[in-house]
Structure formats: structure tokens, C-alpha cells
Amino acid sequence: MSKITAVITGIQGYVPDYILTNKELETLVDTNDEWITSRTGVKERRILKGEGTASSDLGTKAIVGLLKKTNTSAEEIDLIICATATPDMLFPSTACIIADKVGAINAFAYDIMAACSGFLFSVATASKFIETGSYKKIIVVGADKMSSIVDYTDRSTCIIFGDGAGAILLEPSKEGLGIQDSILRSDGSGREFLHMKGGGSQKPSTHETVDNKDHYIFQDGQPVFKAAVKSMADVSEEIMERNKLTADDVAWLVPHQANKRIIDATARRMGVGDDKVMLNIQKYGNTTNGTIPLCLWEWENQLNKGDNIILAAFGGGFTWGSIYLKWAYDSNN
Ligand code: UT7
């Protein structure tokens with residue numbers, strides 16, 4: 001009997017309507033379009049407006065579209081994993097809230113927190129549930145309302161992040177397609193360079209934490225940049241080597257969209273040309289757990305059954321990793 005693998009059988013993204021341009025940011029902080037474009041590659045990002053809106057709303061929109069597109073009823077879903085760095089609340093999990101909103105009454109649900117690597121870690125985790133034969137239909141959704149933790153007076157972070165979500169359906173296959181391999185890494189000593197201080201058990205919310213701006217992203221950009229360039233390139237090269245893939249064998253690199261310069265460095269190390277790199281950072285910025293599924297969603301019509309695809313991510317923690325998968329269906333399905 002051939003081995004069961006987890007294949008992606010559908011993908012759907014969702015971004016909110018409001019477009020925050022570099023021009024508008026110029027009115028908020030001392031920055032300019034030229035600096036942002038040349039240092040990061042971002043031209044605009046989407047923002048979820050409206051009081052009481054949350055990451056679960058982004059994730060719900062993506063999943064509702066995914067269910068419709070794949071002709072799947074919410075009751076059929078066994079498990080929903082939500083990768084998010086901006087949960088609706090500390091608890092319950094955003095996945096539980098999303099499961100309720102979409103009517104996935106038979107699913108169990110939980111969040112995975114690995115900052116910008118969360119979607120990748122979640123796909124690797126979900127694939128194991130499929131490979132063991134335990135579950136048949138799993139949704140992994142990456143959803144982040146980054147604007148809820150961005151300080152729009154801090155020019156070093158507010159230019160990067162945006163809101164968005166993407167969801168995939170994973171199902172079993174015996175055709176040898178789908179998730180082939182994954183490399184997942186973390187190094188918690190990197191936490192000093194990228195974190196949010198307030199609101200957790202170490203520094204519960206007080207008037208003082210609000211006054212200190214402890215509920216916003218803190219990032220020391222340079223060390224994060226250096227670690228991201230090295231780590232993302234290392235794991236992307238390693239996964240190619242151990243699966244005996246040459247650059248010609250790789251159809252697409254799907255990198256986390258944190259900074260175009262990090263993406264370029266990863267592609268260079270892999271020997272993969274720009275024409276094989278999914279890049280939409282100019283439109284959406286860094287949507288944290290949304291970046292990789294939003295790319296796959298936008299490129300879906302160009303993907304063909306059997307395409308070798310490498311996913312790669314780096315984020316707070318530090319966390320990083322790569323996944324090698326074979327795309328399971330032809331475009332325009
Ligand atoms: O997804 C999670 C992981 N995160 C990442 O991968 C992000 C990694 N880091 C980065 O992408 C980059 O470090 C940033 C985009 C955050 C910053 O770019 P940088 O090239 O590392 O800039 P820098 O922080 O070294 O700053 C260079 C200069 C500074 O001015 P001085 O001190 O040289 O006079 C900054 O004050 O650029 C200044 N600067 C800006 N100028 C205009 C910083 N932000 C801005 C800005 N507009 N928005």
C-alpha cells in the first residue's frame with residue numbers, strides 16, 4: 001500500500017479593502033516612498049477597519065471562500081489550525097472562534113504561535129495528522145490583523161506590516177504528491193530583537209504598559225534582518241539538498257514576505273531566478289501568517305500538478321523553516 005501524504009486541495013485568500021499607501025504613511029511619520037520601496041519593497045498594505053473587528057474576521061472570510069470553492073461543507077472539517085500572532089483574545093484560541101463563525105461544528109480547533117513562521121509550522125503539523133490516517137479534512141488558516149499591534153508613530157515598523165489571511169484545505173492522497181519534507185527551527189534567544197512586551201503573564205496590561213507603548217511590536221531591524229537572511233537561505237538550501245533538488249527542479253519559491261531584500265538573498269542562495277519567486281510584498285506588506293497562503297492563492301492559476309514548490313519563512317522567536325511540497329492539481333480547477 002502506498003504511503004498517505006497530505007495534499008493541498010484548495011486555497012483561498014482574503015485581504016480587507018482599505019489600502020494604506022506609502023504616500024499616506026508620509027503624512028503619519030517621517031518617511032518617504034523611495035526609502036520604503038528601496039529598503040523593503042512595500043508600496044502599500046491592507047488595513048482592516050471597524051471597531052471590534054479581529055483576526056478571526058479575516059480568517060473566517062478566507063475559510064468561507066475556501067469551503068465554497070472546494071465544494072466542502074463546514075461540517076466535514078475535522079480540524080482547524082489557526083496560525084496567528086494577533087489572536088482575537090489571549091484565550092480562547094482564534095481557531096475556536098473561527099470554527100464557530102464558519103459553522104465547523106465537528107472540528108476541533110487550536111492556534112499555533114510561531115510569529116511569521118506560524119503558517120509553515122502549522123502546515124507541517126497538520127500534515128502529520130493526515131499522514132497517520134487520523135483525519136481527512138484539515139484547514140490551516142494564517143490570519144493576522146497586524147494593524148492592531150503596530151505603532152503608527154514608529155517609522156521602523158509601521159511601514160512594513162499589513163492585515164490579511166489565507167487558508168488551505170489539506171486532504172490525504174496516495175499519489176505521492178503534497179507535503180514531502182519540512183525543516184522547522186527555533187532559537188528563543190532572538191526574542192530580545194522582536195517581541196511585544198505587554199499583555200502577557202510577564203507584563204500584564206496596566207496604565208503604565210499602555211503609556212510605555214508595550215502593546216506594540218518592538219523590532220530591532222538590523223539583527224532580525226541579518227538572522228532572517230542567513231536562516232531562510234540556510235533551510236531553503238538544506239531542503240533542496242536533502243531532497244536532491246536542483247534549481248531547475250524547483251518550479252516556485254514561496255517566501256515569507258518580510259522584506260524584498262531577504263527574499264532576493266534566499267532566491268540567490270537557491271540559484272532560483274526571479275521568475276520563479278512569488279512576490280506580492282509590494283501590495284500587502286508583511287501580513288505575518290498571511291504571506292505564504294496569500295502568495296499561493298494569487299499564483300494558483302499558474303500552478304500545475306507535480307510542480308515542486310519550496311515554502312520558506314523566518315519570524316519572531318526566532319523561528320524559521322522550509323517545506324518542500326508537490327502541487328496536487330492543475331490550474332483553473
Ligand atoms: O517578518 C518578521 C521578521 N522581520 C523581518 O524580517 C524584518 C527584518 N528587518 C528589516 O526588514 C529592516 O531592518 C527594516 C526594513 C526594518 C529597516 O531597514 P534597515 O535597512 O535595516 O534600516 P535601519 O534600521 O538600519 O535604518 C537605517 C536608517 C536609519 O537612519 P540613520 O540612523 O542611518 O540616520 C533609520 O533611522 O534609516 C532610517 N529609517 C528610516 N528612514 C526613512 C528607518 N526607518 C525609516 C523609514 N523611513 N521608514
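How far is an oxygen atom of the ligand from an N or O atom in the side chain of Arg-155? The distance is 2.8 Å, within the limit for a polar contact (a pair of N or O atoms within 3.5 Å; within protein, one must be able to donate a hydrogen and the other to accept it, and residues adjacent in sequence count only if both atoms are side-chain atoms). The model is predicted: local features need pLDDT of at least 70, side-chain atom pairs count only at pLDDT 80 or more, and totals for chains, interfaces and linings use all residues. Residues are numbered from 1 along each chain as its sequence is written, and side-chain values use heavy atoms, with hydrogens and water left out.

For Gln-222, an N or O atom of the side chain is 2.5 Å from a ligand oxygen. For Arg-261, a polar side-chain atom lies 3.1 Å from an oxygen atom of the ligand. Of the 940 Å² of accessible area that the ligand has on its own, the protein covers 73% (Shrake-Rupley method, 1.4 Å probe).

The shell around the ligand holds 23 residues (a heavy atom within 4 Å). Thr-31, Arg-155, Gln-222, Asn-259 and Asn-286 are the closest. Helix 2 (33-40), helix 7 (221-242) and helix 8 (260-270) each give two or more residues. Helix 7 supplies the largest share, four residues. Helices (H or I, at least four residues) and strands (E, at least two) are DSSP runs, numbered from the N terminus. Both domain 1 (5-176) and domain 2 (180-326) contribute at least three residues to the shell; their bounds come from an automatic or database domain assignment. By class, the shell has ten nonpolar, nine polar and four charged residues. Ala, Val, Leu, Ile, Met, Phe, Trp, Tyr, Cys and Pro count as nonpolar, Asp, Glu, Lys and Arg as charged, and the others, Gly among them, as polar.

Backbone geometry was also examined. The peptide bond from Phe-91 to Pro-92 is cis, with omega near 0°. Pro-92 sits in the loop between strand 4 (79-83) and helix 4 (94-102). Gly-317 and Phe-318 are also joined by a cis peptide bond, with omega about 0°. Phe-318 belongs to the loop between strand 12 (308-315) and strand 13 (319-326). Ala-115, a residue other than glycine, has a positive phi, near 50°. Its loop runs between strand 5 (108-112) and helix 5 (118-131).
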